[in-house]
Amino acid sequence: MGGKSFGTFGGSGRERARRRGQGQLEAQVLAALHHSPGPATAAWVQERLGGDLAYTTVMTILSRLHAKQAVTRERSGRAYVWTPAADEAGLAALRMRRVLDGEPDRDAVLTSFVSALSTHDEQLLRALLDRDAADGPGAADAPTTADDPAPAQGPGAAPAPGRHHPSDEARGG
């Protein structure tokens, strides 16, 4: 491909590519897709990343992002075109959710996580939970009657076991 060169053949450009972690590569691919004028091919993404990654590496990253539901794809001739379904924050949230889902003691993990939050992060989380509770996220999860009202969720309260945010499916939950 033509364009700007990023390092010599087999030199610093390829070494730099090998040192990037999977999460960093995924974030870079997502950022490229977010800047595309529409659905993009893997070759387009590869070019936008400077061309120092192999086409197969870009395809692997896109396939992993697709498995995580962070991108969507559709056929365009013999190739796929890719569209972001999540931004970098959404991808990080998916990773956090998968780690939590893989732990046998969710309560202990969440307790440890919350206890280590900065004051600002704790206030933000409380505000988000309050807003979520005010929007009534559990309305579709558990039917309630006047005799069996939904439990109140005050600031910092965890959702009842088995209750999830309605957008969990969109985030891979």
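1. Ground rules first. The model is predicted, with local features needing pLDDT of at least 70 and side-chain atom pairs counting only at pLDDT 80 or more, while totals for chains, interfaces and linings use all residues. Residues are numbered from 1 along each chain as its sequence is written, and side-chain values use heavy atoms, leaving out hydrogens and water.

2. Start with helix 2 (residues 22-34) and helix 4 (residues 55-67), whose axes come within 10 Å and cross at roughly 85 degrees. Axes here are lines fitted to C-alpha atoms, for helices over the stretch in contact, with angles running from 0 to 180 degrees between N-to-C directions. Helices are DSSP runs (H or I, at least four residues), numbered from the N terminus. That pair is therefore roughly perpendicular (65 to 115 degrees).

3. Who touches whom? Helix 2 brings Gln22, Leu25, Glu26, Val29, Leu30 and Leu33, and helix 4 answers with Ile61, Leu62, Arg64 and Leu65 (contact means heavy atoms within 4.5 Å). By class, that gives 7 nonpolar, 1 polar and 2 charged residues; Ala, Val, Leu, Ile, Met, Phe, Trp, Tyr, Cys and Pro count as nonpolar, Asp, Glu, Lys and Arg as charged, and the others, Gly among them, as polar.

4. Helix 5 (residues 88-101) and helix 6 (residues 106-115) pack at about 135 degrees, axes 9 Å apart. Met96, Arg97, Leu100 and Asp101 of helix 5 meet Arg106, Val109, Leu110 and Phe113 of helix 6, a contact with 5 nonpolar, no polar and 3 charged residues.

5. Just after helix 7, check Gly136: its phi is positive, about 70 degrees.

Methods
Helices (H or I, at least four residues) and strands (E, at least two) are DSSP runs, numbered from the N terminus. Angles under 35 degrees count as roughly parallel, over 145 as roughly antiparallel, 65 to 115 as roughly perpendicular and the rest as oblique.
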